[in-house]
Amino acid sequence: MPQIPEKIQELTVGQLAARSGAAVSALHFYESKGLIHSRRTSGNQRRFSRDTLRRVAFVRASQRVGIPLATIREALAELPEGRTPTEDDWARLSQSWRSELDERIKQLNRLRDHLTDCIGCGCLSLETCVLSNPDDAFGERSAGSRLLVERRGSTAKGAARPSRAREPEVPCCGD
């Protein structure tokens, strides 16, 4: 990783990419989304302040744990411009996201458990399956899976449109 002398207070996009590990295109994207900021030189080249390194690290770490970019942008807007976010800044922001991440973990655990149940059942019912039909939205109308409609007739060019017959409902899991 190239070292940048302390006396240099601004980085080119290439230097920022090399130091942060982010692609230049990612840095341009972050800038377009308001996550980082640059100034333009008289030659219209981007220059980033050194604190942008920490901001890019913050964005990338936040993305790795699944925080949406809009939420990251809101968090960065709370930080003062022109200074590197501190450990206290990070702790405050990450604490505010903790409950959201805990809820997401609970949802993933439920999904994992339902997947195990569903694979054990084998039905994958579009009507009652907790994966295909969360909160059993169709369960009040009927129970069990439905077979797909069966096509009859030819589908060759110029042939009549196939007729469709509705199959009877088949109970799921011994229902």
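Author: In what follows, two residues are said to be in contact when heavy atoms of theirs lie within 4.5 Å of each other. The model discussed here is predicted.

Reader: Leaving aside its neighbours within four places in sequence, with which residues is Ser20 in contact?
Author: The place of Ser20 is in helix H1, and with a relative accessible area of 18% it falls under the 20% limit, so it counts as buried. Once the neighbours within four places in sequence are left aside, the residues in contact with Ser20 are Leu27, Leu53, Val56 and Arg60.

Reader: At what distance does the side chain of Ser20 reach the backbone nitrogen of Ala22?
Author: The side chain of Ser20 takes part in polar contacts with the backbone, and one of them is with Leu16, whose backbone oxygen lies 2.7 Å from a polar atom of that side chain. Turning to Ala22, the side chain of Ser20 reaches the backbone nitrogen of that residue at 3.2 Å.

Reader: Which residues is Leu27 in contact with, leaving aside its neighbours within four places in sequence?
Author: With the neighbours within four places in sequence left aside, Leu27 is in contact with Val13, Leu16, Ala17, Ser20, Ala22, Ile36 and Val56.

Reader: By how many residues in sequence are the parts separated that the pair of Phe58 and Trp97 ties together?
Author: The rings of Phe58 and Trp97 have their centres 5.8 Å apart and their planes at 40°, so the pair is tilted. Phe58 lies in helix H3 and Trp97 in helix H5, so the parts this pair ties together are separated in sequence by 39 residues.

Reader: Is Tyr30 buried or exposed?
Author: Phe29 and Tyr30 form a tilted aromatic pair, with 6.5 Å from centre to centre and 55° between the planes. Phe29 has a relative accessible area of 36% and is partly exposed. Tyr30 has 6% relative accessibility, which is under the limit of 20%, so Tyr30 counts as buried.

Reader: What is the order of the strands in the open sheet?
Author: The chain has 5 helices and 5 strands, and the open sheet is built from 3 strands with antiparallel pairing. Its edge strands are E1 (10-11) and E2 (39-40), each of which pairs on one side only.

Reader: Which residue in E3 does Glu10 stand opposite?
Author: E1 and E3 pair in the antiparallel sense over 2 bridges. In E3, the residue that stands opposite Glu10 is Ser49.

Reader: At what distance does a polar contact join the side chains of Asp51 and Ser49?
Author: Asp51 lies in the loop between strand E3 (46-49) and H3, and with a relative accessible area of 7% it is buried. Its side chain is joined to that of Ser49 by a polar contact of 2.4 Å.

Reader: What is the phi of Asn44?
Author: Most residues other than glycine have a negative phi. Asn44, which lies in the loop between E2 and E3, has a positive phi although it is not a glycine, with a value of about 65°.

Note on methods: Residues numbered from 1 in each chain as written. Predicted model: local features only at pLDDT ≥ 70, side-chain atom pairs only at ≥ 80, totals over all residues. Heavy atoms only, no water. Helix = DSSP H or I, 4+ residues; strand = E, 2+ residues; numbered from the N terminus. Buried < 20%, exposed > 50% of the residue type's maximum accessible area, 1.4 Å probe, protein only. Polar contact = N/O pair within 3.5 Å; in protein donor to acceptor, adjacent residues only side chain to side chain. Pairing = 2+ DSSP bridges. Phe/Tyr/Trp six-rings, centres within 6.5 Å; stacked < 30°, edge-to-face > 60°.
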